[in-house]
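Here is my notebook page for today.

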Number of protein chains: 2
Amino acid sequence: MYFTPPLAKLIEEFQRFPGVGPKSAQRMAFFVLSMSKESVHDFAFALTDAKNRVKNCSRCFHLSSEDPCELCKNERRDRTTMCVVAESRDVIALERSREFKGTYHVLTGLISPLDGKGPDQLSVRELVNRVGVEEVKEVILAINPTIEGDATVLYLTRLLKPIGCRITRIAFGLPVGADLEYADDVTLSRAMEGRREV
Amino acid sequence: MYFTPPLAKLIEEFQRFPGVGPKSAQRMAFFVLSMSKESVHDFAFALTDAKNRVKNCSRCFHLSSEDPCELCKNERRDRTTMCVVAESRDVIALERSREFKGTYHVLTGLISPLDGKGPDQLSVRELVNRVGVEEVKEVILAINPTIEGDATVLYLTRLLKPIGCRITRIAFGLPVGADLEYADDVTLSRAMEGRREV
């Protein structure tokens, strides 16, 4: 034990974060000690405040301090297209691209039997409800091309098809700026598969 | 503005830390939201607790929650050799090597006129006092071989020489496990300069 107990505890706390190893945790803890008392207090407050106030929107399950969230409340969003994503951070990524103007639905995860995650642990029932009640014409599945993602897409498609709306999935292929030579086989075969008339 | 205000604030707070960019800050903030309320509270408490309780030891200026610190209080440490370091984390690094059994003195920085840091901003006066009062026979300067480090060593040597104790500086040379071929010129010339009889 080289660190004085409160400092050791703080380093341990920082080390729990993703991507933070012992060295970074140590650096961050020392940085805290070099901050002013007010800044440390502000940071501690920001932590508890975010945890207390940010909840899943009761309609779309996006993380927000308001309920319904800013996106659900926005009257200018096109309510006929709904984008289904796995996580709240995917909403942020899509919003950043400024491409999509419809509404969102966050599944809060993907179907993954290995992690004990089935449709009941996700907001699937609420999605089916919304698609039935709201006048949704197209459901866009913006879900990662992984095993869990593909399984979830398959499950959702079977569930939503009978409702009668259009169901699409975002395109997979070569990312913009990438080089064909260095693309992996699966990406290339997906890109061939998804080829379009020019 | 894509994030809900409390979340945006938290991301901003994380981004202030050294080595944390926008992406890592976002990841860490989302991690906070996925933690239990108790864990977030514990983390917030650890922050303010470390800031409130960890102070510079009044004798050696090492960061500690006790005063005098654990190292100064330890009766088994050899009080005839004193190791002078720039920062508290240097004490930790040396303690980890288990090589040194004497006492420490943390300067809380190095002389750096460009950053407006002179000897008065460091614990230099307290060092001179300690060397005079305590029965120190050897002062080991474990200070980085940088411009600021060299300037500080020069300054301290002039100040401490008249007191009559032995003054040494840690060796510089090839790090253990390194390859001569890839060592930089300055390190190599320092290694040649510091050569010893075998």
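Are E134(B) and R130(B) buried or exposed? I looked, and both E134(B) and R130(B) are buried (buried means under 20% relative accessible area, exposed over 50%, partly exposed in between, with a 1.4 Å probe and protein chains only). E134(B) forms a salt bridge with R130(B), with the closest N and O atoms 3.0 Å apart (a salt bridge is a side-chain nitrogen of Lys or Arg within 4 Å of a carboxyl oxygen of Asp or Glu).

A note on my source: this is a predicted model, where local features need pLDDT of at least 70 and side-chain atom pairs count only at pLDDT 80 or more, while totals for chains, interfaces and linings use all residues. Residues are numbered from 1 along each chain as its sequence is written, chains are lettered from A and ligands numbered from 1 in the order in which they are written, and side-chain values use heavy atoms, leaving out hydrogens and water.

Next I checked E13(B), which forms a salt bridge with K9(B) at 3.0 Å between the closest N and O atoms. E13(B) is buried at 1% relative accessible area, whereas K9(B) is partly exposed at 33%.

Then I turned to the sheet. I found 4 strands in an open, parallel sheet of chain B, in the order β4-β3-β5-β6 (strands are DSSP runs of E, at least two residues, numbered from the N terminus; two strands pair if DSSP finds at least two bridges between them). β4 and β6 of chain B stand at the edges with a single partner strand each, so one side of each has no neighbour in the sheet.
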